[in-house]
Amino acid sequence: MQDTNFETRLRRKAQAVNFALKKILDFQQINKDLKEALSYTLNTPGKRIRSVLVLWCHELFKGQIDHNAEMASAAIEMVHTYSLIHDDLPAMDDDDMRRGVPTCHRVFDEGTAILTGDALLTLAFEVLAREIDPPTMALKLIGRLAHEAGPSGMIGGQLVDLKSEKTEFDQSTLEYIHTNKTAKMFRCAAAMGAICGGANKKHYDSLCEYGLKIGLSFQIADDILDVTASSEQLGKTAGKDVIAAKCTYPAVVGMTKAQELQKKLTDEAVAALKPFGKKADTLQQLAFSLLERTK
């Protein structure tokens, strides 16, 4: 059962991220066609889980959001949105819908979509370099985001995901794909919140562990929902993983084992929050909400 109070807090934090994204985009003096495509993709409805995770991890240490955390949350959302634009392109997953609305390349065109994704990726790092103070914190945030979103993280996972379609795959390949293409960006969000909050090494490592575990749980839920949910529920085309013969948890280990593993990862994520005590209740609720998600 969904906690309505938690859902309200999640929406409010997502609205704070949306406000930060709007401020950043309004500041940009850029071509109007590109700005229109950027506005379209950034304004599509989404829960902003990764960016909200930055804010909630930051609040463990500071109690309230500051400018650095706000900008870090916007930066990771821009990187995530760029990845969705490119993921939906004909050369990749070739999807017409995302977050319940037509994808960027369907509304505009393929070239514009590619460049919109490129713009979001580079703008994210510009924001961190320009807005974060002190510079040492900016450097840490840039390094972490670049590593987790790059060839050693999301991009590496995406490539193996593409190459594994319609081939024989095993659990080792599956874990590599899901850890890199999804879980590391959740870990990155937790790490960025911890950096902005000035966490010590013990707390930083605990939040990184938490982020990685909920990221894997989130991806298993995605795999399961692709099989069990409708396109209307998901806001994107359901059943595409099966059609593309993708390397997913239900395909490799079966539905029951996938659900058991998702629950195990959630429990491990919650255990990683032990050093924070009651202060981490919201993060604990987030872990359970991702376990129970229906879209």
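Trainee: Why is Lys 279 called exposed?

Mentor: The relative accessibility of Lys 279 is 58%, and a residue counts as exposed over 50% relative accessible area, as buried under 20% and as partly exposed in between, with a 1.4 Å probe and protein chains only, so Lys 279 is exposed. This is a predicted model, in which local features need pLDDT of at least 70 and side-chain atom pairs count only at pLDDT 80 or more, while totals for chains, interfaces and linings use all residues. Residues are numbered from 1 along each chain as its sequence is written, and side-chain values use heavy atoms, with hydrogens and water left out.

Trainee: Where does Lys 279 lie?

Mentor: Lys 279 is in the loop between α14 (255-272) and α15 (281-291), where helices are DSSP runs of H or I with at least four residues, strands are runs of E with at least two, and numbering starts from the N terminus.

Trainee: What makes Glu 77 buried rather than exposed?

Mentor: Its relative accessibility is 1%, which is under the 20% limit for buried, so Glu 77 counts as buried. Glu 77 belongs to helix α4 (residues 67-87) and, leaving aside residues up to four places away in sequence, touches Val 17, Leu 21, Arg 48, Ser 51 and Arg 99, contact meaning heavy atoms within 4.5 Å.

Trainee: Why is the pair of Phe 6 and Trp 56 called tilted?

Mentor: Rings of Phe, Tyr and Trp (its six-membered ring) pair if their centres lie within 6.5 Å, and planes under 30 degrees apart count as stacked, over 60 as edge-to-face and the rest as tilted; by this rule the count comes to four aromatic pairs. For Phe 6 and Trp 56 the centres are 5.6 Å apart and the planes stand at 40 degrees, so the pair is tilted. Phe 6 in helix α1 (residues 4-27) and Trp 56 in helix α3 (residues 49-62) are 50 residues apart, and their pair links distant parts of the chain. Phe 6 and Trp 56 are both buried.

Trainee: What makes the pair of Tyr 40 and Phe 108 edge-to-face?

Mentor: The planes of Tyr 40 and Phe 108 are 80 degrees apart, with 5.7 Å centre to centre, and an angle over 60 degrees counts as edge-to-face.

Trainee: How do you know that Tyr 40 is partly exposed?

Mentor: Tyr 40 has a relative accessible area of 23%, which falls between the limits of 20% and 50%, so Tyr 40 is partly exposed. Phe 108, at 24% relative accessibility, also counts as partly exposed.
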